[in-house]
Amino acid sequence: AGSPIAYVPGQYLQITAPVPDGRREFTRRSFTISSSPTEQSRFQITVKRKPAGAVSKFLHDRLREGDPVELMAPFGQFTFREGEAHRLCLIGGGSGITPIRAILRAIVDQQLSVVARLLSFNRSEEDIIFLQEFRELPRLQPGIRVSFGLTDPPPGWAGFTGRIRAELLDVALADFTPDLVFLCGPPPMMELTIELLAAREIDRGRIRTEKFK
């Protein structure tokens, strides 16, 4: 009916695409709402086109402005609300950075009293989603620090190299002890990160996770 969709930063939606899934004449997939409710002019998802992804290919190749789309929203508990915590650590792997972008955007737009450490891990510099926006965040809100890690860095890369590991967290977090950790990415990366955080005496109850397949 055109009415706005109320949601909390970090939640996701489900899109129904007219692509047969072998059982039905449609396929349903979940995508993070990568915009923040503070961005009232947009309602955004960020979709990587995958060669074997029926819905991602439909969205990239066939969907056009003005086409009707069936969606359901919002879902998910990977969320941050004002006043929940003062010190945040946000760790994203690949496209797992999209709900984290929504959370950080809400914090900056509302100038919340939050200090945050963002760690984004990717294969190459070209794979970093929202790269320029993330680089700009510390200027907009000095309490935010941003670090990037690449497994295939270009010559002269000044960020972290390799996968997440204890030594890297020691540098990125130093004496920073978060009240809450937001962790989203491939399951193996998340499992390792939880172990590393536990070694830093960060209780599992302070870690919020969202798994991307």
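A salt bridge here is a side-chain nitrogen of Lys or Arg within 4 Å of a carboxyl oxygen of Asp or Glu. Keep that in mind for the later views, and remember throughout that this is a predicted model.

View 1. Read from the N terminus, the elements follow the order β-β-α-β-β-α-β-α-β-β-α-β-α-β. The radius of gyration is 18 Å, close to the 17 Å that the globule rule gives for 213 residues, so the chain is as compact as a globular protein of that length. Its C-alpha trace spans about 50 × 35 × 35 Å along the principal axes. Of the 213 residues, 44% count as buried. Among contacts with a separation of 6 or more, 70% come from residues 24 or more positions apart.

**View 2. Helix α1 has a buried side.** Which residues of α1 (residues 54-62) are buried? They are V55, S56, F58 and L59. Because these four cover an arc of only 160° around the axis, they lie on the same side of α1.

**View 3. An open sheet is built from 3 strands.** Follow the order β2-β1-β3 across the sheet, where the pairing is antiparallel. At the edges are β2 and β3 (70-75), each of which pairs on one side only. From one strand to the next, the twist averages 25°. Now look at β1 and β3, which are joined in the antiparallel sense over 4 bridges. Here I15 stands opposite L71 in β3. Helix α1 packs on this sheet and touches β1 and β2, with its direction at about 75° to that of β2.

**View 4. E39 meets two arginines, R42 and R101.** Is E39 buried or exposed? Buried means under 20% relative accessible area, and E39 counts as buried because its relative accessibility is 14%. With R42, the side chain of E39 forms a salt bridge at 3.9 Å, N to O. R42 has 40% relative accessibility, so this arginine counts as partly exposed. The salt bridge between R101 and E39 has an N to O distance of 2.7 Å. This pair links distant parts of the chain: R101 sits in helix α2 (residues 98-109), E39 sits in the loop between β2 and α1, and the two are 62 residues apart. R101 counts as buried, because its relative accessibility is 3%.

**View 5. R123 and D127 meet in a salt bridge.** Side chains of opposite charge can pair when their charged atoms come close. R123 is partly exposed, with a relative accessible area of 48%. D127 also counts as partly exposed, at 27% relative accessibility.

**View 6. Some salt bridges join up into one network.** Salt bridges that share partners connect E39, R42, R101, R105, D109 and E133. As you trace these residues, remember that the structure holds 15 salt bridges.

Definitions and conventions
Residues numbered from 1 in each chain as written. Predicted model: local features only at pLDDT ≥ 70, side-chain atom pairs only at ≥ 80, totals over all residues. Heavy atoms only, no water. Buried < 20%, exposed > 50% of the residue type's maximum accessible area, 1.4 Å probe, protein only. Arc of directions from axis to C-beta. Pairing = 2+ DSSP bridges. Axes fitted to C-alpha atoms, helices over the stretch in contact; angles between N-to-C directions. Contact = heavy atoms within 4.5 Å. Rg over C-alpha atoms; globule rule 2.2 N^0.38 Å.
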